[in-house]
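Visitor: I would like a close look at a single part of this structure, and then at how the larger pieces meet one another. Could you take me through it slowly, in connected sentences?

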Amino acid sequence: MTAGGGWRLGAALLAALLVLAGAALLVGPYALTPGEVAAALLGQGDRQAGIVVRQVRLPRVAAALLLGAALASAGAAYQALFRNPLVSPDILGVSAGAGLGAVLGIFLSLPVLGIQLAAFAGGLGAVALVWVVAAAVQRGDPTLVLVLTGVVVGALAGAATSLVKVLADPYDQLPAITFWLLGSLAAVTPADIAPALPAVVLGLVVLGLLRWRINVLGMGDEEARALGVEAGRLRLWTVVAATLVTASVTAVAGVVGWVGLVIPHVGRMLVGPGFGRLLPVSAAVGAGYLLVVDTLARSIAATEVPLGILTAAIGAPFFIWLLARGRRGWS
Amino acid sequence: MRLAARDLAIGHGGRAIGRGLSLAVGPGEILCLLGPNGCGKTTLFRTLLGLIPALGGTVTLGEAPLARLGRAAVARRIAYVPQAHAPPFPYAAREIVLMGRTARLGPFASPGAADHAAAAAALDRLGIAGLGGQDYTRLSGGQRQLVLIARALAQGAPLLVMDEPTASLDFGNRARVLAEIAALARAGAAEGRGVIFSTHDPEQAFALGAEVLLMQGGAIRARGRPEAALTAARLSEVYGVPITVERTESGRLVCAAPLGLRRGG
């Protein structure tokens with residue numbers, strides 16, 4: 001892709017995001033015209049409309065954009081790092097760990113902030129455990145050992161989560177646990193987004209700075225080292241950044257699958273595998289995609305549809321279509 | 001810049017599979033590494049590149065001991081051409097070549113105009129400028145090998161290590177790659193690179209007039225000029241089959257193993 005084409009695509013994606021965000025602000029049970037929404041955004045007009053737009057819809061739209069951008073970026077980073085297009089951001093157990101943390105928080109009747117902190121800590125803790133165990137194994141291909149350890153720790157966290165579910169109060173806690181594990185932005189407030197935003201931005205900046213080296217690491221460990229990359233250190237920084245990004249949004253939204261797996265494929269179709277372009281494009285497409293899905297989740301039925309169910313229902317057929325295209329290289 | 005290994009012990013995980021290995025290669029020289037499968041050629045290469053630690057002895061790049069250099073410093077001195085492979089994602093061939101510039105970039109930088117020019121020049125020099133925009137994963141094995149050589153050129157290192165660069169290539173591409181190896185070493189004294197490559201074809205050593213290192217079971221069996229090192233008796237012993245070395249009417253040396261061999265025959 002030429003530089004001019006890159007700018008055009010970037011401008012088109014930004015414009016599409018703005019249109020989608022504007023449209024999402026119009027959708028909801030409290031009917032508002034575009035004029036009323038615009039007035040509410042500027043702090044004018046009807047007081048009731050102002051509360052709906054600024055306190056309810058705007059935080060939710062912002063959270064959806066942030067969640068989608070975060071999951072898609074982390075997915076793109078992990079697919080490059082593990083040289084595997086079938087990898088998603090939870091490959092190293094971040095979702096399973098965050099799930100266990102949140103479920104424990106609900107079980108211990110912690111306040112919302114406590115549950116979010118427990119989920120964040122659980123996600124970071126699971127990946128840290130994977131890293132330490134994999135480093136101690138020191139046999140064979142380090143990337144493969146890391147993935148296999150991630151599977152093991154993820155399964156262990158899943159078992160622990162099931163144990164807590166068995167012990168939880170079936171009338172009060174169990175529904176809350178189930179709902180959290182399916183993912184939702186229904187209860188999101190500006191106070192939830194405030195701590196997640198800087199963490200996500202920090203992680204994305206690190207991934208952006210390392211964009212070229214992450215490409216080179218995609219050639220495999222030995223080759224990357226022969227090309228002058230300190231592969232072990234770079235892998236650590238990439239995992240830390242992607243985990244920070246994933247754990248902070250998962251703590252707010254619960255477990256939302258498929259986005260980080262599927263969206264990077266769309267990004268590669270648009271701009272190819274070069275990580276410097278793939279990262280921002282995946283973030284933009286992921287943000288728009290999740291905004292659309294979340295708007296559907298809160299508007300297609302009388303009750304909220306959990307996000308994780310919708311992303312799976314859309315992601316799975318799309319992925320089968322990718323498989324059926326059967327193109328080597330997964331572009 | 002001279003690559004020198006002295007009394008090297010090589011192996012994985014602390015278990016030595018080769019000992020007492022010494023070699024040196026400098027500008028304009030070609031060193032041809034021969035030996036049966038599993039004799040330690042690839043492990044030796046990985047040790048020379050610092051990808052695995054030496055279990056004994058020393059490797060020096062110019063004045064500097066390899067063990068004291070960071071990866072970027074090593075990559076500016078010695079470039080590695082692996083066997084042609086396919087990464088999981090469809091990078092353009094030009095992007096693969098650009099990766100050779102990594103050791104010359106800052107930790108957070110991407111290739112700039114000078115790097116793009118170096119990559120284009122490397123592709124041009126190998127006569128494959130037309131492949132630059134194509135999907136690397138869809139190129140033939142021979143084209144990929146040439147792209148990887150271009151990447152090593154873009155790396156700008158005075159030393160090249162090539163792991164069986166002609167394996168899995170057809171007859172024409174094999175000849176092209178060999179010609180490139182000869183040209184790389186002999187591009188004038190100032191620019192001439194030092195090349196170490198491994199091969200399963202002893203005739204390539206004769207054709208290039210390269211120094212020979214014949215390995216067997218982790219040790220060096222013979223070294224020196226190919227005519228002296230690669231005798232029929234020695235090749236037969238190392239490879240375990242009767243091999244003859246014959247001179248054709250045009251003066252070329254060729255190796256042949258009789259057909260209808262059976263184990264121990």
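Guide: Leaving aside its neighbours within four places in sequence, A:Gln116 is in contact with A:Asp192, A:Ala251 and A:Val252. In this predicted model, A:Gln116 belongs to helix α5 of chain A, which covers residues 112-137. The relative accessibility of A:Gln116 is 11%, and because buried means under 20%, A:Gln116 counts as buried.

From this one residue we can turn to the place where chain A and chain B meet. There, 31 residues of chain A are in contact with 36 residues of chain B, and the two chains bury about 3000 Å² between them, with 56% of that area on carbon and sulfur atoms. Three salt bridges are counted between chain A and chain B, and B:Glu95 and A:Arg277 also form a salt bridge through their side chains, at 3.5 Å from N to O. On the side of chain A that touches chain B, the elements that give two or more residues are α3 (47-81), α9 (211-217) and α10 (221-226) of chain A, and α9(A) gives the most, with five residues. Sorted by class, that side of chain A has twelve nonpolar, eight polar and eleven charged residues.

Together the two domains of chain B bury about 1200 Å² between them, 60% of it on carbon and sulfur atoms. Of the area that domain 1 of chain B buries against domain 2 of chain B, 37% is supplied by B:Glu203, B:Arg221 and B:Leu230, more than by any other three residues.

One salt bridge is counted between these domains of chain B, and B:Arg221 forms a salt bridge with B:Glu237, where the closest N and O atoms are 2.9 Å apart. Five residue pairs in polar contact, both at pLDDT 80 or more, are also counted between domain 1 and domain 2 of chain B.

Methods. Residues are numbered from 1 along each chain as its sequence is written. Chains are lettered from A and ligands numbered from 1 in the order in which they are written. This is a predicted model: local features need pLDDT of at least 70, side-chain atom pairs count only at pLDDT 80 or more; totals for chains, interfaces and linings use all residues. Side-chain values use heavy atoms; hydrogens and water are left out. Buried area is the accessible area (1.4 Å probe) that two parts lose on being put together, summed over both. A salt bridge is a side-chain nitrogen of Lys or Arg within 4 Å of a carboxyl oxygen of Asp or Glu. A polar contact is a pair of N or O atoms within 3.5 Å; within protein, one must be able to donate a hydrogen and the other to accept it, and residues adjacent in sequence count only if both atoms are side-chain atoms. Helices (H or I, at least four residues) and strands (E, at least two) are DSSP runs, numbered from the N terminus. Buried means under 20% relative accessible area, exposed over 50%, partly exposed in between (1.4 Å probe, protein chains only). Contact means heavy atoms within 4.5 Å. Ala, Val, Leu, Ile, Met, Phe, Trp, Tyr, Cys and Pro count as nonpolar, Asp, Glu, Lys and Arg as charged, and the others, Gly among them, as polar.
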